[in-house]
Each structure stands twice: as structure tokens, then as C-alpha cells.
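Okay, thanks for making the time, everyone.

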Amino acid sequence: MEALGDRLKLMVKVFRRECHRVFHSERTTVHGADGMLMLLQLAMAEVSKQHAGEFKVALSDVLMAWKHLLLDKLHLQPPNFARLENYDLIREAYESSLKRSNTVDLVDVLSMYKQLRLGDSDPGEPVSPIQLFEFLLGNADVSELPDSSVPSTPSRKSCPCSSQVKMAVRRVFCSYLNLLVNAKNNMAAALTLDVPGRALGRQAFTELKHAARNGNTSLFLAATSFVRAVQLGGKGYAPAEADPLRKHVKGLTDFVQFLDNLQDVLGEVPDPSECGARLLTAIRAALVKGRGGEDAVHAAAEEATAELKEQICLLHRLQQRAADGRGSGISPARPKAYAVNHCTAYGGRDTVKVLMALLDEEALAPPCRNKADLLSEDQPVLGGAEGTCVLALFRSPEVSTGRSPEPLKNRVQSRLDLLKPKAKERGIRSQFACTYKDEEMPLSRVLEFPSASQVPTCIHPAPRHRTPPAPEEESRSDVEETTKATSAAERPNQEPAGVRRGAALGPRSGNLGAAPGRVDKAVPRGQRGGDKRKQADSDRRGGSENEPPGKKPLACVSVRAPGKKVVKAPSRKKLIAGQGKLTSFFRL
């Protein structure tokens, strides 16, 4: 295993030294076995979404396609090799993902080695295709692999710092360093966008992914371009108000500002060992912020920081020895006009070379033995509300197209739950419940005829039931008739001859007495006795029964004067029904 590891390092070292002859960018990074497997899972999920409508793939299918991909790229497939369904589309999606991210895998490094090596100074074939195939599958000697105590099945024990948490935290550290070297790496941007939590969940990542696709750029460059346009853009260059990324300005600004701070450290500190230590310290501080010392993420971050610091110092010493002897052996990072990090083009050249060597060693690390810990959606939560699962992050939170509906049992149950009547919950009502406004009845009960075919056939309305008038109303009508008769009696020319003069209603004034000019009211014959008794009772009480005790109505009085006649009309207020009874009751 040691000999194989050394040969793999030699292969990657030659590639790093001569990669400027093949690629336009000298910051092309290398994907190891775990990175290749995660990219393959995303490619298969994308193909599954195009054909089945769901962005998901089974773990067994990924492992089978992983073996087929390695055999195909290494040209080791047998003659009767049966291809998987949609394998060509999966391979095309995988290669395009590598190209967009400015990355290569270890199989591509091996295939370009013969083209990049310089004559006899470099060995002809450091690693055979079969050896690389066994290394990528993880079939090497178990005793030579680090952390051999990891179980082969997912462990459900909640240990303070499990291997899955360690692996996830170390991957986040390397992703931040990868973004400093290669800003086009979409996998590194996806792993660091919401770690630590910046309120950039799946919705924000999906909108950023759409913006990067529309602009034909990477995720990190799309976020940087949007933030710069918000901060520095004028009227004509600021993003539109309808831009969906405007809802996530704060989170994206924090993400870009954190990377800017790391790039400032990279450009300002000349010593690679000190610069690497400061970079790792800044990343560790962001990860452990708000976490206690007993937290699993805190312990894993401390451990990863110490290991990576030691590894950076070792690589720096090795490069210094090589530079003192016969040269560094690594192509210097030549500044170009299209360089992403202009501030680090000159100041951080040595640190960038050390970081690239560190990332190359991480790509040559043995693959994860437990594939479920790497590819399952049950990933540890390092920041935000969700885990660090790349498959769940790349899955757009969109409504299903309907090509793969829910099972029939679930659909029937959901329909029954909707049709099931819900019991109306009534809370405790107080003694003033009669003053509450009742809830409005549903429209289905208000409408007695819900359809046009059930039109009511009754055209004429039912006759109204009339109630007999109350005694107070009868007496009031009698008073009105008597008043009309009195006004008619005052006209001597129109007075009928056969009408008797009756007693005048209302109290008699003492000054007037029984003057010959008094006016009598004409009373119908059938009601003369009853009216006289009512009038006498009212005279004794001091007024009409329907009037309040303090206010007495004035009677209709006519005073005969020589050549003049004076008539006073009563000023009577209209009473409501029942007020007379109440007045007489309280008068007693």
C-alpha cells in the first residue's frame, strides 16, 4: 500500500507540474474517490429526474453504476459487458459536471500522464489501470488503511464524535480551501454555502443554481456577482427588484464576505505555514460559534484543525527543501488577466502552491469504506436546519410533475380525511354569550337551492298573519277620531243637525268652567258610556293614561270673544306601544 501511495503521489505531482500545457487554468483541482462517487450520484439523480420525474436514486444503483463507470473509463470492461440503462446519459452528465467545475478525477490524471511526462525523467506508468481500479473501489489491504475500526454498516450509536461527523467536518474545511484555489468548484460551494448556518437552505441554493445556469457560470461566481452588483451597482447595474436572490441578500453577503476575508488573509500573510494556520483558525471559529466544548462538531473541528495545520507545515518544509535543491517541482501560479483572485495573484503564490498540494493529498486519501455514511441523506447537521447531504441540497423544492404519483392507498386516505366531517370545537362561553356574534354558516347550508335545477316553484308569497290591535291602539284611534270630530264641530255652517254634543276630552280649566262657548266632541253612539268612564278616570288621575304624570295635555278650548275666535290645538307626542301601561303602573 505504501508503494502504491507513493506512485499515486508521483502521478499527481507530474500532472500538477505540467497541467498548464493541457488546461487554460492552472488551478484545476482533482477529485478523489469520494468526490467522484458524489458527482456520479448527482449525475444519476439528474438523469432520473429527466426520465422518471424524481431527483433521487437508490444506493445500490449508484454502486453498480460506479463499477461500470470505472471499468469503462479505464478500458477494463469484458467483451460481454452489459451496459446499464441510460448509462450514456449518466456518463455525459458526469463529464459535463467535471468540466463546469474545472476539475478532473484520478482516472483522467492517469490517462493524461503519458502525454504530460517528460521523457526518461519520469517513469513510464507509475500505476496500472487495474491497481487504480482496486484503489478506487476500496479493495486495498484493510490493515494499511487509516481508521480501520470503522464498521461496514451504518452505526446508530450516538457517540460524542463519530466517524461520520469527523468526515463531514474535514470535508467542509477542505471545501473552503478548495474555493480559495478554484472558485468554479460547485461541489465545494454546495458544501460550504450554509455551513455555518446563514439561512441559505434548499430554496436559496436552487435559486442560486438557476442564476448560475442562466449566466453560464459557477455557483460561487454567481453569488459573488450578485453581491457585488447589490453593493456597488448603480441604477443601470443593480439587480432587478423581482430577482429571486434578493430574498437571500443577507445570507449571500455573509458567505461572500467570509470568503473575502479568507482571501485577504491569503494575500497579506507571506509565510505559507502561518497563513494556513490563520485560514484554518478562521474556519474553525465559524464552525464552532455557539457550540459547547462537549459538542461533536466542536471536537471534530478542533481535531481537523490540528491535523491540517500539521500537514500544511510539513508540505511547506518539503517545498522549501525542493526549492533549495533543484527547484520546487511544481509549476508556479503565474498571474493571468482572467485570474479569479487578483489580490492573491502575487502575494499568496507560495501559499496557493501549498494548498494545492494539500488538496492533492486529500484526493489520494483512501475511499470511505462505509458508502452509506457518504451518500445517504441522513447526514450530520453542521449548520442551518438541514444536514450536509449534497443530493438533498441539489434537489429542487418544486412541485411534482405528476409522472410518479403517490401510492393509491395514500391518495385514498388523504381524500377520506378531507371528506371526513370535523367536530366543531366550542370553547367555554361566558354569561354574556348572548351578545356574541355567531359564526357564519357555510355557503352550502345558506343556499337552499344549490343547483339551477332545484328552483323554487312558489311564485306568490304566503299571506301574512295579522294580529288584532292592542287596547292602547284602539283608544288612540278613538282619540284621533274624536279630535277630527271636534275640528268639524267648530264649523257652524257644516255641523250636522242630528249629532249630539258630548263632553270634551281632557281636564276642564277652572277659569273657563262651563262657559257657553265650550266645544263638545262628537262620540260615536256605541262607545259613549265606555268613553265617559275612561274620561272620568283620567280626570281623577290628572290626565290621559298614555301621558307621563308630570305633563298634562292641553284640551282643545275655544274662547268666544266679540268678533274673534281663538282655538288652541293640543301638542301631543307620539308614544310607543306599551308606554301607557308602564306609565300607569309606575304612577301607582
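This is a predicted model: local features need pLDDT of at least 70, side-chain atom pairs count only at pLDDT 80 or more; totals for chains, interfaces and linings use all residues.

Residues are numbered from 1 along each chain as its sequence is written, and side-chain values use heavy atoms, with hydrogens and water left out.

So, the overview. The protein chain has 22 helices and 4 strands; these are DSSP runs, H or I of at least four residues for helices and E of at least two for strands, numbered from the N terminus. The chain has 588 residues, and 37% of them count as buried. Buried here means under 20% relative accessible area, exposed means over 50%, and partly exposed is in between, with a 1.4 Å probe and protein chains only. Now take contacts between residues at least 6 apart in sequence: 72% of those join residues at least 24 apart. A contact means heavy atoms within 4.5 Å.

Let's zoom in on a helix pair. Two packed helices are described by the angle between their axes and the distance between the axes. Our pair is α9, residues 202-215, and α10, residues 219-232, packing at an angle of about 90° with their axes 9 Å apart. That makes α9 roughly perpendicular to α10. The axes are lines fitted to C-alpha atoms, for helices over the stretch in contact, and the angles run from 0 to 180 degrees between N-to-C directions. As for the labels, under 35 degrees is roughly parallel, over 145 roughly antiparallel, 65 to 115 roughly perpendicular, and the rest oblique.

Which residues make the contact? From α9 we have F205, L208, K209 and A212, and from α10 there's L219, A222 and A223. By class, that contact of α9 with α10 comes out as 6 nonpolar, no polar and 1 charged residues. In this scheme Ala, Val, Leu, Ile, Met, Phe, Trp, Tyr, Cys and Pro are nonpolar, Asp, Glu, Lys and Arg are charged, and the others, Gly among them, are polar.

Let's stay on α10. It has 14 residues and reaches 20 Å from its first C-alpha to its last, close to the 20 Å expected at 1.5 Å a residue. That expected span is 1.5 Å times one less than the number of residues. The buried residues of α10 are L219, F220, A222, A223, T224, F226, V227 and A229. And what covers them? The cover includes α7 (163-181), α8 (186-192), α9 and α11 (249-268). At the start of α10, a side-chain oxygen of S218 reaches to within 3.4 Å of the backbone nitrogen of L221.

The loop between α8 and α9 holds P196, and the peptide bond from V195 to P196 is cis, with omega near 0°. A199 is in the loop between α8 and α9 as well. Its phi is near 60°, a positive value in a residue other than glycine, and A199 is exposed, at a relative accessible area of 72%.

N86 also has a positive phi, about 60°, although it is not a glycine. You'll find N86 in the loop between α3 (59-73) and α4 (87-100), and it counts as partly exposed, at 29% relative accessibility.

On to N370, in the loop between α15 (349-363) and α16 (371-375). Buried or exposed? N370 is buried, at 3% relative accessibility. Its side chain reaches the backbone nitrogen of A372 at 3.3 Å, and a polar contact of 3.0 Å joins the side chains of N370 and D373. A polar contact is a pair of N or O atoms within 3.5 Å; within protein, one must be able to donate a hydrogen and the other to accept it, and residues adjacent in sequence count only if both atoms are side-chain atoms.

Last stop, helix α2, residues 33-52. α2 has 20 residues and reaches 28 Å from first C-alpha to last, close to the 28 Å expected. It's mostly covered, with 14 of its 20 residues buried. After α2 comes G53, whose phi is positive, near 85°.
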